[in-house]
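Visitor: I would like a quick tour of this structure. Please show me the sequence and the coordinates, and then I will ask about a few places.

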Amino acid sequence: MSKTIEDIKALVEPTRIHRSLYTDPDLFNLEMERIFERTWVYLGHESQVREPGDYLTVNVGRRPVIMVRDKDGNINVLHNQCTHRGAKVAGKTCGNARAFRCCYHGWTFKTDGTLIGVPHKDGYEQTNFDIKDPAFSLKVVRSENYRGFVFANLSEEGPDLKTFLGDAASSIDNMIERSPEGAIEITGGVLRFRHNCNWKLFVDNLNDTMHPMVTHQSVGDACQAYVDELPEGAPKTNEADIISPFGSSYQMFDEMGVSVGPHGHAFTGGEESIHSNYMDIPGYMESMEATYGPEKARQILSVNRHNTIYYPSLTIKGAIQSIRIVRPISVNETEIETWTFRLKGAPDEMLHRTMLYSRLINSPSSMVGSDDLEAYVRLQEGLMSGGTEWVDMSRFIGREEHPEGNMTRAIGTSDISLRNQYAAWLDYMTHEKEVA
């Protein structure tokens with residue numbers, strides 16, 4: 001079914017969006033084409049392809065790609081599609097390859113995409129085929145690397161990556177600066193969590209600070225009851241340190257604040273967030289001061305953001321050194337990947353806390369993530385039912401919003417993050433006159 005610009009514009013109003021944004025398969029297909037396949041989408045970190053031949057395979061929207069380091073140390077992003085009959089040339093999620101050999105007819109490609117081998121070449125004599133013709137090499141995808149974070153863009157149009165990230169890039173900067181060596185690396189495996197909901201419900205929730213007091217109330221109450229029973233003077237456990245803030249008040253989340261910027265990006269927190277009162281880890285501040293000096297070290301660690309959204313595909317937690325990646329599958333199915341980072345030069349306890357956080361909050365067996373998943377499923381089922389046609393996003397509209405660089409700052413429980421995301425969604429989705 002075709003949709004015009006006017007059809008799509010009618011679905012987004014200043015304070016509400018139509019439920020079909022979460023339930024219409026045609027809109028989902030258009031999102032893959034007009035958002036995920038026409039803007040910067042996060043692929044992976046350079047530390048995941050350390051050595052020549054190391055590669056990852058992921059989808060950018062519906063297009064399979066390979067992120068691979070070649071023999072010269074460059075990171076290339078290639079369409080994962082043989083130029084002969086169209087099969088994927090890399091079938092694993094990751095690995096190391098001297099070259100990519102198609103499993104069907106054996107066409108072989110270098111890690112920069114160049115075609116180097118075709119079996120039984122005699123059959124191409126007196127044809128137009130030329131192995132040196134670039135048209136027969138794997139298609140190179142536009143990609144850029146911001147401080148180790150590799151993004152791809154299937155379109156040649158639009159801004160460069162640094163412009164796209166804007167002032168929101170400071171969350172990546174801060175996570176890297178939290179390393180005494182100014183460097184980070186992916187470590188451990190991935191938590192891959194299938195969500196039976198539209199991808200936007202997950203992204204909507206990232207900076208929604210109205211839900212923790214309701215959705216996570218039982219977890220917060222249980223944690224507080226445990227803390228209250230501790231002997232006088234006994235320290236909290238790391239688990240309680242991480243979970244306790246999820247039982248915080250509306251006032252705390254209001255004071256945390258939220259900032260939004262161009263292209264749908266946003267972050268919650270500033271000097272205060274759910275991460276700002278964690279217990280000190282012995283030796284960490286000393287190692288930071290040795291590198292940066294006391295004043296700079298304190299300034300770096302004073303930045304405490306909760307979730308930073310790089311719309312549409314990536315969210316990072318710089319203060320806890322983890323990221324989550326959004327991989328849409330269908331209109332009501334989404335895969336979320338959680339990866340953890342090690343701060344080079346920091347005590348091992350920093351990584352242990354990051355991994356503990358991911359297990360407690362983001363894993364399929366977590367105490368907090370399961371609450372969110374229940375809400376997502378109920379949202380998807382409710383929105384599919386059609387009892388209410390519109391989704392509200394009117395909190396604090398026009399109030400307490402002021403600029404900070406190219407970001408706009410508002411009270412923490414404002415719906416400004418939602419309004420900003422759907423303004424970006426509408427811009428992407430109405431880029432051309434007619435949408436098929």
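Visitor: Where is His-275 found?
Guide: This is a predicted model, where local features need pLDDT of at least 70, side-chain atom pairs count only at pLDDT 80 or more, and totals for chains, interfaces and linings use all residues. Residues are numbered from 1 along each chain as its sequence is written, and side-chain values use heavy atoms, with hydrogens and water left out. Helices (H or I, at least four residues) and strands (E, at least two) are DSSP runs, numbered from the N terminus. His-275 lies in the loop between strand S16 (266-270) and helix H11 (284-292).

Visitor: Is His-275 buried or exposed?
Guide: Buried means under 20% relative accessible area, exposed over 50%, partly exposed in between (1.4 Å probe, protein chains only). His-275 has 4% relative accessibility, so the residue counts as buried.

Visitor: With which side chain does the side chain of His-275 make a polar contact?
Guide: A polar contact is a pair of N or O atoms within 3.5 Å; within protein, one must be able to donate a hydrogen and the other to accept it, and residues adjacent in sequence count only if both atoms are side-chain atoms. At 3.0 Å, the partner of His-275 is the side chain of Tyr-278.

Visitor: How far apart are the end C-alpha atoms of helix H8?
Guide: The expected span is 1.5 Å times one less than the number of residues. H8 has twelve residues (217-228), so it should span 16 Å. The model agrees: the end C-alpha atoms are 16 Å apart.

Visitor: Which helices do the buried residues of H8 pack against?
Guide: Val-219, Gly-220 and Cys-223 are buried in H8. They cover an arc of only 95° around the axis (taken from the directions from the helix axis to the C-beta atoms), so they sit on the same side of H8. With contact meaning heavy atoms within 4.5 Å, they pack against helix H9 (238-243) and helix H14 (369-385).

Visitor: How many residues of strand S20 are buried?
Guide: S20 covers residues 333-343. It is largely enclosed by the rest of the structure, because the buried residues number nine of the eleven.

Visitor: How many bridges join strand S19 to S20?
Guide: Two strands pair if DSSP finds at least two bridges between them. S19 (residues 322-330) and S20 form a hairpin with two residues between them. Ser-322 has Thr-340 in S20 as its bridge partner. The strands run antiparallel, and the bridges number eight.

Visitor: Which residue in S20 stands opposite His-195?
Guide: Strand S14 (residues 184-195) pairs with S20 in the antiparallel sense over nine bridges. Opposite His-195 stands Thr-334.
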